[in-house]
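Reader: Before I use this model for anything, I would like to go through its geometry step by step. Could you show it and then take my questions in turn?

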Amino acid sequence: MREAARAYCSLIDEEVDQGTHEEDAAFAHRLLTALTDAVAAALRLPEVDPSDADSPVDVSHKQWHACYRRIGQRLGLGAGYYWEASYPFAVDEAQAGVGLGDLVDDLADVWGDLENGLLALDAGMSLNDVQWQWRRDYWMHWGHHAAGATRALLLHLTDRGHPSPPGT
């Protein structure tokens with residue numbers, strides 16, 4: 001999980017402005033791959049009991065907002081809001097409810113939860129405690145954002161004529 005979290009966060013942390021259409025499509029593909037790798041790693045996390053230690057660090061709102069801006073600049077126009085069913089297993093349309101998702105917010109929230117774990121590890125928190133935190137946060141928070149972002153990124157790429165990584 002640590003490697004998947006680092007790969008995702010490193011990609012998000014790249015200080016790159018919006019590039020050409022092809023460069024942005026390649027970035028979106030790398031982002032989709034890193035995101036799904038992080039989800040797969042989270043699903044393999046062991047069930048562990050945490051200690052009583054509190055996380056020594058936390059991503060600040062200022063850091064999260066800077067991350068949000070970086071992602072938005074890199075993905076460009078048309079990669080922001082998307083529609084989704086609030087409850088996809090509803091018996092009818094009224095119960096399903098349609099909600100507005102924000103791809104950039106989703107990706108930044110995943111970054112925040114993964115980065116919190118990486119910062120905690122760097123500050124000396126036990127791997128056991130960080131794994132517990134990542135697993136809990138996956139099921140309670142970032143997994144939901146990852147699910148919406150995965151679908152939105154997939155559609156973002158296919159709608160723009162990039163169903164496979166550029167150059168393949």
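This is a predicted model: local features need pLDDT of at least 70, side-chain atom pairs count only at pLDDT 80 or more; totals for chains, interfaces and linings use all residues.

Author: The questions and answers below go from the whole chain to single elements and then to pairs of side chains.

Reader: What share of the residues of the chain counts as buried?

Author: The accessible surface of the chain comes to about 9,400 Å², and 54% of that area belongs to carbon and sulfur atoms. Among contacts with a separation of 6 or more, residues 24 or more positions apart account for 77%. As for burial, the chain has 168 residues, and the share that counts as buried is 43%.

Reader: Which residue caps the N-terminal end of α5?

Author: At the other end, just after α5, glycine 124 takes a positive phi of about 100 degrees. At the N-terminal end, a side-chain oxygen lies 3.1 Å from the backbone nitrogen of valine 104, and the residue that supplies this oxygen is aspartate 102.

Reader: Which strands each supply at least two residues of the nonpolar surface patch?

Author: The patch has an area of about 540 Å² and is made by Tyr81, Trp83, Val98 and Leu100. One of these residues, valine 98, has its place in strand β2 and is exposed, because its relative accessible area of 58% is over the 50% limit. The strands that each supply at least two residues of the patch are β1 (81–85) and β2 (98–102).

Reader: Is histidine 145 buried or exposed?

Author: Histidine 145 is found in helix α6, residues 127–159. Leaving aside neighbours within four places in sequence, histidine 145 is in contact with Asp105, Asp106, Asp109 and Val110. Its relative accessibility is 15%, and since the limit is under 20%, histidine 145 counts as buried.

Reader: What distance separates the C-alpha atoms of arginine 151 and leucine 103?

Author: Arginine 151 is also found in helix α6, and at 55% relative accessibility it counts as exposed. Arginine 151 and leucine 103 are 48 residues apart along the chain, and the distance between their C-alpha atoms is 9.5 Å.

Reader: How many residues apart in sequence are the parts that arginine 70 and aspartate 13 tie together?

Author: A search of the whole structure finds 5 salt bridges, and in one of them the side chains of arginine 70 and aspartate 13 meet at 2.9 Å, N to O. Arginine 70 lies in helix α3 (residues 61–75) and aspartate 13 in helix α1 (residues 2–13), so the parts tied together are apart in sequence by 57 residues.

Reader: Where does arginine 135, the salt-bridge partner of glutamate 47, lie?

Author: The side chains of glutamate 47 and arginine 135 meet in a salt bridge at 3.3 Å, N to O. Glutamate 47 lies in the loop between α2 (21–43) and α3, and the pair ties together parts 88 residues apart in sequence, with arginine 135 lying in helix α6.

Key:
Residues are numbered from 1 along each chain as its sequence is written. Side-chain values use heavy atoms; hydrogens and water are left out. A polar contact is a pair of N or O atoms within 3.5 Å; within protein, one must be able to donate a hydrogen and the other to accept it, and residues adjacent in sequence count only if both atoms are side-chain atoms. Helices (H or I, at least four residues) and strands (E, at least two) are DSSP runs, numbered from the N terminus. Patches are made of residues with over 30% relative accessible area and no salt bridge: like charges are joined within 9 Å, nonpolar side chains (Val, Leu, Ile, Met, Phe, Trp, Tyr) within 5 Å. Accessible areas come from the Shrake-Rupley method with a 1.4 Å probe; for residues, only the protein chains shown count as cover. A salt bridge is a side-chain nitrogen of Lys or Arg within 4 Å of a carboxyl oxygen of Asp or Glu. Buried means under 20% relative accessible area, exposed over 50%, partly exposed in between (1.4 Å probe, protein chains only). Contact means heavy atoms within 4.5 Å.
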